[in-house]
Amino acid sequence: MKRILVLNGPNLNLLGVREPDVYGTVTLADIEREVAAYAAERGATVDCFQSNHEGVLIDRLHAARGVYDGIVYNPGAHTHYSYALRDAVSSIDVPTVEVHLSDISSREDFRKVSVIAPVCIAQIKGKGKEGYKEAVDVLLGR
Ligand code: DQA
């Protein structure tokens, strides 16, 4: 049985009420439920975790070593500047897929850069909650 960690960074706890014109009205709980069901149909289990704190996310990534077969990770705004989280991903040797609900390449200039994508096996953007399921497919297809 494959184990997948679905990790979400800052402000993603506010999905559903946060900038619905950009992120839609789906909540994080909706996404987590759907991804867990999607993974279960494919014989995998999912644990979900969200934090607004960089250090807490680093600790969660470290704790994933040897426990999970893959990580689906939406780093939120950390995407664009957190070398600490990039180093955490590259330190743990667990294949990680970066996911964004919105298409970060067609928004403000600062969002076009991801410092985390180079240490991930794939980046999926602009597909809303479906992107999380696509990330599961990428991990299970390895
Ligand atoms: C996001 C895109 C980021 O630029 C932003 O800071 C987020 C959400 C997305 O899912 O589209 O918090 O990661």
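The side chain of Ser 51 reaches the backbone nitrogen of His 53 at 2.9 Å, a polar contact in the sense of N or O atoms within 3.5 Å, where within protein one atom must be able to donate a hydrogen and the other to accept it, and residues adjacent in sequence count only if both atoms are side-chain atoms. The model is predicted, with local features needing pLDDT of at least 70 and side-chain atom pairs counting only at pLDDT 80 or more, while totals for chains, interfaces and linings use all residues. Residues are numbered from 1 along each chain as its sequence is written, and side-chain values use heavy atoms, leaving out hydrogens and water.

- Ser 51 lies in the loop between β2 (44-50) and α3 (54-63), helices (H or I, at least four residues) and strands (E, at least two) being DSSP runs numbered from the N terminus.
- Ser 51 counts as buried because its relative accessibility is 6%, the limit being under 20% with a 1.4 Å probe and protein chains only.
- Leaving aside residues up to four places away in sequence, Ser 51 touches Asn 8, Gly 9, Pro 10, Val 56 and Leu 57, contact meaning heavy atoms within 4.5 Å.

Conventions: Buried < 20%, exposed > 50% of the residue type's maximum accessible area, 1.4 Å probe, protein only.
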